[in-house]
Amino acid sequence: SAFTLAFCTIMASRHLHFSMLSNILRCPMSFFDTTPIGRLVNRFGKDVDVVDSVLPYIITNAMSSFANVLGTLVVITWSTPVFATVIAPIGLLYYLVQKVYIATSRQLKRIESVSRSPIYSHFSETVSGASSIRAYKLESRFIKTSEDRVDANLVCYYPSLVSNRWLGIRLETVANILILFAALFAVLGRDTLDSGIVGLSISYALQITSMLNYAVRMSSEIEANVVSVERIKEYAEVPQEAPWEIQPRPHPGWPSHGTVQFKDYQVRYRDGLDLVLRGVSFVVNGGEKIGIVGRTGAGKSSLTLSLFRILEAAGGHIYIDGLDISEIGLGDLRSKLTIIPQDP
């Protein structure tokens with residue numbers, strides 16, 4: 001069973017990571033324009049680590065703890081049968097305490113995970129701009145900003161520790177009530193119970209305290225850490241680009257002449273923004289060398305991005321050798337084009 005659990009958790013982790021990675025690699029550029037790099041690092045770093053390392057350990061401990069608790073309750077009930085009458089009420093107390101804790105800890109875990117992303121983003125930006133920071137002698141400012149973001153993350157993490165202690169106190173109280181009833185029933189039945197059976201019942205009741213506390217804590221930790229699975233699943237379902245292949249595919253010899261035609265073409269970087277190209281129409285014949293001149297922001301790069309369908313059309317069409325590029329797959333289109341980007 002341990003091998004099966006370990007194998008299943010590894011396969012589940014691989015599936016979650018692969019589904020998120022494959023989906024992110026096929027996201028449109030608008031996603032990367034609006035998503036900080038630190039948020040991506042956080043998902044692929046901390047959240048995947050929780051799924052890889054933390055959740056399997058917690059699930060294993062929770063299952064073994066509940067098995068131990070069940071066996072202990074059976075022994076105590078067999079030793080003092082009247083003890084069975086208090087199992088249900090005490091179990092209800094455990095459930096109520098756990099329900100209150102889980103609802104809080106899940107939200108605290110989510111807040112703590114969200115507050116960690118700005119740390120990664122700031123660190124990445126600082127490393128990439130280290131030369132400029134040193135040139136303007138702003139090291140202390142960036143160090144202070146990094147410390148402030150770490151402090152903000154710890155402010156979100158501290159309530160999680162406090163709620164954990166709150167749970168611990170309540171579990172200890174309920175467990176002591178359990179020991180009280182086990183000892184009480186043993187004393188009340190001293191005339192009918194064998195001394196060895198009484199000792200067995202009391203010793204197991206003393207052990208069940210730590211077992212129950214650990215079992216409830218582990219089940220609560222599972223609920224709290226499943227937030228990482230939720231966050232991974234969120235990025236595994238973000239909208240993707242157009243299909244890589246669309247049937248019927250273009251002729252293998254396409255394009256044979258290389259004639260490019262823009263016809264009343266319009267494009268925007270993402271929904272809700274203004275158009276960056278408005279009704280552009282022109283024809284470039286095969287073999288021609290064309291230079292596009294314009295001020296910054298005029299839309300020169302947008303034309304190239306539109307050719308590769310990195311930006312999807314908001315209106316109009318682009319034809320290459322008479323074939324509308326919106327009607328073919330991205331793989332067939334991009335494999336026939338070559339670009340030297342501004343940023344390597």
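Which residues does Ser65 touch, not counting residues up to four places away in sequence? In this predicted model, the residues touched are Met211, Tyr214 and Ala215. Ser65 is placed in helix H3, which covers residues 37–79. With a relative accessibility of 6%, Ser65 counts as buried, since the cut-off for that class is under 20% relative accessible area.

Is Glu234 buried or partly exposed? Its relative accessible area is 45%, and Glu234 is therefore classed as partly exposed; this class lies between the limits of 20% for buried and 50% for exposed residues. In sequence, Glu234 and Met20 are 214 residues apart, while their C-alpha atoms are 8.5 Å apart in space.

The protein as a whole contains nine helices and four strands. Read from the N terminus, the order of elements is α-α-α-α-α-α-α-β-β-α-β-β-α. The protein is more spread out than a compact globule, because its radius of gyration is 31 Å, well over the 20 Å given by the globule rule for 344 residues. The C-alpha trace extends over about 105 × 55 × 30 Å along the principal axes.

Of its 344 residues, 35% count as buried. Among contacts with a separation of 6 or more, 78% are between residues 24 or more positions apart. The accessible surface amounts to about 20,400 Å², and carbon and sulfur atoms contribute 62% of this area.

The four strands form an open sheet in the order E2-E1-E3-E4, and their pairing is antiparallel. Strand E2 (277–284) and strand E4 (323–324) stand at the edges; each has a single partner strand, so one side of each is left without a neighbour in the sheet. In general, strands of a sheet pair through backbone hydrogen bonds, in either a parallel or an antiparallel arrangement.

Strand E1, made up of residues 260–267, pairs with E2 in the antiparallel sense over five bridges. Within this pairing, Val267 has Leu277 in E2 as its bridge partner. E1 also pairs with strand E3 (residues 313–320), again in the antiparallel sense, over six bridges. Two positions illustrate the pairing with E3: Phe262 has Ile318 as its bridge partner, and Lys263 stands opposite His317.

How many bridges join E3 and E4? The two strands pair over two bridges, in the antiparallel sense. Tyr319 stands opposite Asp324 in E4. E3 and E4 form a hairpin, and two residues lie between the strands. Asp321, in the turn of this hairpin, has a positive phi of about 55°.

How values were computed
Residues numbered from 1 in each chain as written. Predicted model: local features only at pLDDT ≥ 70, side-chain atom pairs only at ≥ 80, totals over all residues. Heavy atoms only, no water. Rg over C-alpha atoms; globule rule 2.2 N^0.38 Å. Buried < 20%, exposed > 50% of the residue type's maximum accessible area, 1.4 Å probe, protein only. Contact = heavy atoms within 4.5 Å. Areas by Shrake-Rupley, 256 points an atom, 1.4 Å probe, with all protein chains shown as cover. Pairing = 2+ DSSP bridges.
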